[in-house]
Amino acid sequence: MDDMQGAAIAPHSLTILCTYQCTAACKQCCFESSPEVRGRLSGEDIIARITEARCEFPSLKLVAFSGGEATLLKQALFDAIAHATSLGLLTRIVSNASWGKTVNSANRMADSLSRSGLSELNISTGKDHQEWVPSESVINAAQAAVDRGIFTLITVEADDQESTCLSSIAYDERVRRMLKTKSLALQSNSWMPFRRDAEKRVQERNFAEMRKGCEQIFGNVVVTPHDNLSACCGLTLEHIPEMRLGHCDGTNMGSLYRSQADDFLKFWIHVEGPYAIIERVMGKESADILEDVVHICQACAIMHKNPQIREAIEREYLSIVPEVMTRFHIKRALESR
Amino acid sequence: MKRRKFIQASLLAGALPATAGTERLYGTPASLTPGGGKVGDKFLLPLSRSGLPTSTWNEFAAVSQIIDNVVGSKTESDIFFKSPKNYLRTHGLDASDKTLVDKSVLMLTCLTDPVVQESVAKSDWDAVLEHYRAAGLLENRDPALLQKQVLAAVEESSAEIAEIMKSQKMVLREEQEQFLLEFLEQSGHVPTEDDLATVAQIVSSGMASPTACSVVTVCGAAVTVAVAVVVAVVTLTLVSTTAASYVDVYASELVSNPSYGMSTEDETPFTGSIAKLDPVLVRNTTRAIRMGALLGAPGLQAHVVKSLINEEVRVFMTALQKANLFTANDEQLELAIRAVSAYSYRSIDL
């Protein structure tokens, strides 16, 4: 039975969280990354994990490098991007663009990224980020990447009432020029708090999005800086022990990934999403539980940690297995056509 | 359960409080523990202990084949459409209400619907989409909501947009100018010499408009001039509604993909910028395009994308009009929307 379900899942993305260390120390960082935090993968391990993933998962198309700040790995990162490219995979790095402090520094990094074959650059910025990395660095980095033919996406976390992070980037002349040439995309992303003292942000709760199934589960496989394999790359992945599939030993990535196939909760999260699961099992009580929840990963952490929700899930899940598994397999069958 | 009580319960369940005021909401992340720390008992729901009979697992494994049969065989297709519930049950699958209204099952139902198949054969795409709507595959939506959001975004940034319009100086690129003139002729509004002279003046002089207004005002001007101005504004600033984002960056409530960055596989197959403000529109478009792929009907996909572009152009230009960034009567506005839409279709080879 395990084998049958294992055969039904296949990742399209491998995410390498290169390091927890970061050039910034954002107040609400999901990993609490900072210059002081340690924990990183060696260049050799990264290359070995990419090779292993390529062999284990024929469905794989993309390797994303994130962190922490992935560019802190310097040559090890460039080598890993080149290796993934040589295996026919698309590559992406997620960065805070601190290397774009000057036009020269931005160009130097972009040269290296371009030479290694990088397909896409994602820059994360916003109010918290800009306490450490100014928008000028973000724009320098984006311009340098775009100039070298690297498609770039700038993601701005949702602003608070006073913040002008989004508009200051959007109105920038260089940004507008890049947007017009379609070499740059700009989006504002939803933002979630990790500490009680977080300020409110301007963001409408998008219930339809939050009630969707989670494509990260099964679609992505993640290697953390501790060389653990994770089932998702969500914001709360390091807060949810259930997302950790095990420690990589260089030969076990496939079996660790497929071990999820015996966990019905993963299928349920994939099909219905944690927000809808909480609503389903908690009924009217879910309104209070989900009050202020703005992000699917937030709902996932709550679902895994709240004892009442866990009890309700355990009580009800057996009756739901046939429905969720039927829906999963029909969805998968249509997707594969 | 009240929120305060719930948070307390969550904290008791494993979170370690940090200093007062900066208390963590979801516990200490494993990133701070060497090696990630040890994981205790995980909350897992083993399928191997679900008690389902082996035959059920065999049926799940055969779903792909079942779907192939439904899509590929007229006989199976007819049986499925007659009663999806019975069909799923016959094959040992769940047929509860939740499953029957699952979007994947609705897709199958629409694929097997003889009336839809007939409309597809006739390339009657509006009828196909209407069927999808009636079947529940496409969600009901209120187009006024998107208009309201775009208008709010434009109004909030009207000064900046006006500034951009002025700075662009309304200079048409050669291909835009050519397209505009061809379109005007094809629209039955044969440009008069005066009209063309005015258009030429706009293009060659680099002035925003023949009036003294700082923005774009065409009060009293000929329809062709209205179109010229609007095409210039929109094509210079929006370029193509399906590609370069303009309005969306001014909107403070953008809805973005919560999967933060996985843009190759799990994003929608189009990049409509304004449409992203309306998640229902995004979902409907995505599903309709997916249905086009499953049906092998590129005509349906093109129709859906054109409709999307047309709606984006409409809400954007109507917002410009309502924000007093563009003045035109209803007839001028409609013609301008058609012109800009047509230009956008061409810019992405539709």
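Let's start with salt bridges: searching the whole structure turns up 31 of them over all chains. A salt bridge here is a side-chain nitrogen of Lys or Arg within 4 Å of a carboxyl oxygen of Asp or Glu. This is a predicted model, where local features need pLDDT of at least 70 and side-chain atom pairs pLDDT 80 or more, while totals for chains, interfaces and linings use all residues. Residues are numbered from 1 along each chain, chains are lettered from A and ligands numbered from 1 in the order written, and side-chain values use heavy atoms, without hydrogens and water.

Take Arg258(A) and Glu56(A), whose side chains meet at 3.0 Å, N to O. Arg258(A) sits in helix α10 and Glu56(A) in helix α2, so the pair ties together parts 202 residues apart in sequence. (Helices are DSSP runs of H or I, at least four residues, numbered from the N terminus.)

Over in chain B, Glu139(B) pairs with Arg283(B), with the closest N and O atoms 2.8 Å apart. Glu139(B) is in the loop between α9 and α10 and Arg283(B) in helix α15, so this bridge links parts 144 residues apart in sequence. Arg283(B) is buried, at 13% relative accessible area; buried means under 20%, exposed over 50%, and partly exposed in between, using a 1.4 Å probe and protein chains only.

Now for the nonpolar core, a set of buried Ala, Val, Leu, Ile, Met, Phe, Trp, Tyr and Cys residues joined through side-chain atoms within 4.5 Å. The largest one has 176 residues, and Phe65(A) and Phe264(A) touch the most other members. Helix α15 of chain A gives the most to this core, with 12 residues.

Key:
Helices (H or I, at least four residues) and strands (E, at least two) are DSSP runs, numbered from the N terminus.
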